[in-house]
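Here's a quick briefing on the chain shown below. Have a look at the fold, then read on.

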Amino acid sequence: PVLLGCGSAQQPGGCPDLCECSEPARTVKCVNRNLTVLPRDLPPYVRSLFITGNPLTHLPAGAFSAQRLPDLGALNLSGNHLQAVDAGALALPALRQLDLSGNALVSLSPQAFGEGGSPLEELALRGALRDHGVLLSLAALLQSGALRNLSRLDLADNGLVLLPAGMFTALPTLRQLDISNNSLVGLQNVSFQGLGQLQSLNLSNNSLSMLGNNTLAQFRSLPTLRHIDLGRNTWVCDCAIEDLVAWLKESNQVEGKEALTCSYPDKMLGKALLKINGSDLNCSVPTDLPSQLQTSYVFLGIVLALIGAIFLLVLYLNRKGIKKWMHNIRDACRDHMEGYHYRYEINADPRLTNLSSNSDV
């Protein structure tokens with residue numbers, strides 16, 4: 001019995017229950033094991049740890065021991081049910097790759113990687129940022145400079161409509177940025193100025209209708225940006241898209257730009273952006289309705305003022321005739337009133353009434 005008990009005990013550096021370990025490959029896999037808590041006593045040799053497809057909901061502070069796991073460089077926590085990541089939960093000294101995709105995150109601490117900077121280089125959050133509060137927490141985390149070594153960031157499949165302003169300004173080493181398969185309607189508040197080493201930008205499968213001059217100027221200013229994917233967006237081919245069309249014709253940064261087509265209006269549906277010219281857009285017709293109304297009101301005011309001035313000038317030039325005309329009207333009115341007054345006096349006196357009614361008289 002003593003021997004059996006000793007044999008069943010987990011040796012230091014052994015493999016946790018419900019996990020598969022490979023010491024030569026320095027890998028531990030705990031995949032689809034119905035784990036509700038993180039496995040304890042992970043072997044210190046591990047460099048790649050896969051804990052996926054489990055009903056985990058919480059990563060508390062110190063979830064992974066930095067002292068016990070000094071070489072852990074790749075951590076895959078995708079496809080769990082993680083909702084909260086506390087401060088210090090991912091403070092690992094050698095962590096280079098982290099995958100949190102496919103989790104329904106509700107809380108992400110801006111200090112999740114500890115107080116100091118993290119060596120993290122690749123971060124995947126595909127489908128994990130459905131909650132707007134988590135997006136804002138991520139923006140605060142990135143802006144804090146804690147992930148300045150990040151070279152790859154995956155934010156695809158999150159239903160994002162707008163990105164927080166200045167979200168990427170503290171990522172000087174970022175090379176790949178994937179924001180595809182979201183619902184982005186514009187990039188007006190997004191700054192790419194701090195991404196001096198950005199090489200690849202994926203904006204496909206969004207709801208972009210146009211790109212403004214400011215965004216296009218930022219693309220031109222990035223010296224290493226050579227791969228931009230703009231496919232499958234809802235481009236609106238009116239006068240506002242002129243700058244984008246001109247940039248596409250002169251730039252070599254966009255992959256598959258020949259396949260970009262108009263989605264609206266109906267008369268332009270399916271037309272290639274590269275084949276659009278000025279006559280197609282009919283930009284001579286102003287499209288800003290409020291400006292049109294403002295211009296119309298100003299013009300109407302000028303016309304009415306001119307008519308009033310002309311009317312006053314006519315009155316001034318004909319003042320004598322108008323004065324004579326007024327006197328004639330006054331005399332006519334006075335004669336008319338005297339006639340009424342005379343008739344009233346006759347009707348008021350019975351004697352005069354009988355007299356006036358006698359035909360002989």
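How many helices and strands does the protein have? There are 8 helices and 15 strands, where helices (H or I, at least four residues) and strands (E, at least two) are DSSP runs numbered from the N terminus. This is a predicted model, in which local features need pLDDT of at least 70, side-chain atom pairs count only at pLDDT 80 or more, and totals for chains, interfaces and linings use all residues. Residues are numbered from 1 along each chain as its sequence is written, and side-chain values use heavy atoms, with hydrogens and water left out.

**Overall numbers**

- Of the 361 residues in the protein, 37% are buried; buried means under 20% relative accessible area, exposed over 50%, and partly exposed in between (1.4 Å probe, protein chains only).
- Take the contacts (heavy atoms within 4.5 Å) between residues at least 6 apart in sequence: 59% of them join residues at least 24 apart.
- The accessible surface comes to about 20400 Å², and carbon and sulfur atoms account for 56% of that. Areas come from the Shrake-Rupley method with a 1.4 Å probe, and for residues only the protein chains shown count as cover.

- Over residues 14-48 the chain is 0% helix and 26% strand, with the end C-alpha atoms 15 Å apart.
- Strand β1 (residues 20-22) pairs with β2 in the antiparallel sense over 3 bridges; two strands pair if DSSP finds at least two bridges between them.
- Cys21 has Val28 in β2 as its bridge partner.
- The hairpin of β1 and β2 has 4 residues between the strands, and Arg26 takes a positive phi near 55 degrees there.
- On to the next pairing: β2 and β3 run parallel and are joined by 5 bridges, with Val28 partnered by Leu49 in β3.

**The parallel sheet**

- Three strands make an open sheet in the order β4-β6-β8, with parallel pairing.
- Its edge strands, each pairing on one side only, are β4 (58-59) and β8 (107-108).
- Strand β6 (residues 84-85) runs parallel to β8 and is joined to it by 2 bridges; Ala84 stands opposite Ser107 in β8.
- As background, strands of a sheet pair through backbone hydrogen bonds, either parallel or antiparallel.

**The nonpolar core**

- The largest nonpolar core has 82 residues, and those with the most contacts inside it are Phe64, Leu138, Leu153, Phe168, Leu177, Phe219 and Leu273. A nonpolar core here is a set of buried Ala, Val, Leu, Ile, Met, Phe, Trp, Tyr and Cys residues joined through side-chain atoms within 4.5 Å.
- Elements giving two or more residues to this core are β2 (27-31), β3 (48-52), α2 (132-143), α3 (213-221) and α4 (242-250).
- Helix α2 supplies the largest share of this core, with 6 residues.
- Why does this core lie between domain 1 and domain 2? Both domain 1 (16-110 + 119-124) and domain 2 (151-287) give residues to the core, so it lies between them; the domain bounds come from an automatic or database domain assignment.
- Phe219 touches Phe192, Leu201, Leu203, Leu211, Leu225, Ile228, Trp247 and Gln253, leaving out residues up to four places away in sequence.

- Asn32 sits in the loop between β2 and β3 and has a positive phi near 55 degrees, in a residue other than glycine. Its relative accessibility is 56%, so Asn32 counts as exposed.
- Arg232 also has a positive phi near 55 degrees, this time in the loop between β13 (227-229) and β14 (235-236). At 57% relative accessibility, Arg232 counts as exposed.
- Tyr264 and Pro265 are joined by a cis peptide bond, with omega about -10 degrees. Pro265 is in the loop between β15 (262-264) and α5 (278-281).
- Is Glu258 buried or exposed? Glu258 is exposed, with a relative accessible area of 56%, and lies in the loop between α4 and β15.
- Glu258 and Leu273 are 15 residues apart in sequence and 7.6 Å apart in space, C-alpha to C-alpha. Setting aside neighbours within four places in sequence, Glu258 is in contact with Ala272 and Leu274.

**The annotated transmembrane region**

- UniProt (unreviewed entry) places a "transmembrane region" at residues 297-317.
- In the model, residues 297-317 are 100% helix and 0% strand, and the end C-alpha atoms are 30 Å apart.

Conventions: UniProt positions renumbered as here; feature names shortened; annotations may be inferred.
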